[in-house]
There are 2 protein chains.
Amino acid sequence: MKVGLDVGGTKTDAVAVDEAGEIVGRVRLPTGWGPDAVAQTVLDAIAALGSDAGVDLAAMRSVGIGIPGQIVPGTARVTHAVNLGVEDFDLAAALTPALGVPVQVENDVKAAALGAYALHGGTGTVGYLNLGTGVAAGIVADGVVQRGARGTAGEVGHISVDPHGPVCRCGQRGCIEALAGGGSVAERWGRLGALPVRDVFDAADAGDPLARDLRAGIAVGAAAAVRILVLTADVDLVVLGGGVTALGDRLLGDIAAELDASAEASPFMRSLRLRERVELLPTGSPAAAFGAALIGAAPTYETRETVTHG
Amino acid sequence: MKVGLDVGGTKTDAVAVDEAGEIVGRVRLPTGWGPDAVAQTVLDAIAALGSDAGVDLAAMRSVGIGIPGQIVPGTARVTHAVNLGVEDFDLAAALTPALGVPVQVENDVKAAALGAYALHGGTGTVGYLNLGTGVAAGIVADGVVQRGARGTAGEVGHISVDPHGPVCRCGQRGCIEALAGGGSVAERWGRLGALPVRDVFDAADAGDPLARDLRAGIAVGAAAAVRILVLTADVDLVVLGGGVTALGDRLLGDIAAELDASAEASPFMRSLRLRERVELLPTGSPAAAFGAALIGAAPTYETRETVTHG
């Protein structure tokens, strides 16, 4: 049995996966703040898999952790996980003594990409586009998470698609993240709310001009990311996830309309049939924790990475 | 000994490569028009390697051909090679009886990408950005040309980076190819000349406003393609080739200035050190023919493709 955890800024999702690849237990806990509390959250979540979900922890053979930060290549060192209060921390070193099994750590978007790929049948090439506070993508080809030369594979959020677009927190103008990231949308909307992007969609429906602009920008940015993933990495399928996708079919409908508009303008774009190649990760999907479990259990994880990326 | 050919719209470049990977002979011939004439050009170029370059053709073990068209996956069928007058043609089937050795066919930009990768030491991940009449890229990771799910990997030319940019021949607005493709620049310049892009650069230096706009657009489009290749596929290095790169350091200086501008605006972009990761293919480089020779000789070519892309 392998355990996978998706350590998010507010909640940690943990799953136990049996030898057949089925999820046999799942728990969610609030995430602690800072390195020690994050490590404790992982230990608590695993304990809860045993006590609350009835998982036999004696059968646990590996732990994989997806985390919203950068992972130093070839290590389990997490850096710049600002939403967790973690600046530089070797999570595997902190956990292995207590757990007694191998621990692997991966960026959460890449873990979710592998989970989405596996939940989707585990063949071909899949891009996972995370529309959360920020925007980033993970690409999985034939079961291998693409990492690229220096760890920036899939950082499509900071590609500018409009020289006159909104200023991004990165400093450039018209980045996909500035258009479609939940953080940028909330900031430009400027009104408090539990889910500002939902307020923006509702206000746009009611005719508010700023909300209509912001909502249109989300679709423009997300559609641009879909086109970039297909025209650069040529993924078969783009799976959308992250907080902004709580808008569900309202969001998907907007993105489909954007993709239809480029297909109408361009026979080449039409030939790509992009609209058929985009789907939403179902609400509450365990993709990130499931992908983390696969990463934790892969005995040849580093080797497989080397085969594709050196 | 392996032979590689780069069949271009006007010239065909052929090289013979010995067992040590050294180019031991090279010839260039005008390319014929239409399927039969293209096949004859290949046969003539190989014969000329023997007669003009002193290559021992009895030692030839394989032929690889790069061609400006689409290759039907898993076959040697060339489609849409419009600059050669070839609509749908199985080049390997036409040549194998006369040559008596295996023949492999690949898209010319992908062949050039593999050649640039090999000439650059054959490690890591390299993107080759072809700024010709059109714009396209090839990506090579650990010796494997990335093809993606449906053959559009590297088609960065039709990514829009400016919703108010010039209309592309594909029908969209602000595509990288509409900004930086030699065909689009020549059309918008609208004056006859042997190398319209050079005229544009010269006229821009002389202060012509249209030329300055066009020249700025070339740098904007090429720099956008560099960023996209790094932020999506995370290539170590982007090698620029194709007709527009005849402008040499004048072009490279413009692109470097664009990359510097985004590095100045954005600490994240600055951390990528993009300017150090871009270089020009030397004028007259045999990269495409050399890459084609490697493709022709790879006994596991299809297998290696499958390992990465299924």
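**Group meeting: the A–B interface and some charged contacts**

Between chain A and chain B there are 18 residue pairs in polar contact, with both residues at pLDDT 80 or more. A polar contact here is a pair of N or O atoms within 3.5 Å; within protein, one must be able to donate a hydrogen and the other to accept it, and residues adjacent in sequence count only if both atoms are side-chain atoms.

On the side of chain A that touches chain B, the elements giving two or more residues are strand S10 (135-141) and helices H7 (209-233), H8 (249-265), H9 (267-271) and H11 (301-309) of chain A. Helices (H or I, at least four residues) and strands (E, at least two) are DSSP runs, numbered from the N terminus. H7(A) supplies the largest share of that side, seven residues.

A word on the source. This is a predicted model, in which local features need pLDDT of at least 70 and side-chain atom pairs count only at pLDDT 80 or more, while totals for chains, interfaces and linings use all residues. Residues are numbered from 1 along each chain as its sequence is written, and side-chain values use heavy atoms, with hydrogens and water left out.

Back to the interface. In contact, meaning heavy atoms within 4.5 Å, are 48 residues of chain A and 48 residues of chain B.

Next, salt bridges: a side-chain nitrogen of Lys or Arg within 4 Å of a carboxyl oxygen of Asp or Glu. Two are counted between chain A and chain B. A:Arg150 makes one with B:Asp236, with the closest N and O atoms 3.4 Å apart. Over all chains, the search of the whole structure finds 26 salt bridges.

Within chain A, A:Arg277 pairs with A:Asp234 in a salt bridge, closest N and O atoms 3.5 Å apart. A:Arg277 is in the loop between H9 and strand S13 (278-280) of chain A, and A:Asp234 is in the loop between H7 and strand S12 (237-241) of chain A, so the pair ties together parts 43 residues apart in sequence.

Technical notes: Chains lettered and ligands numbered in written order.
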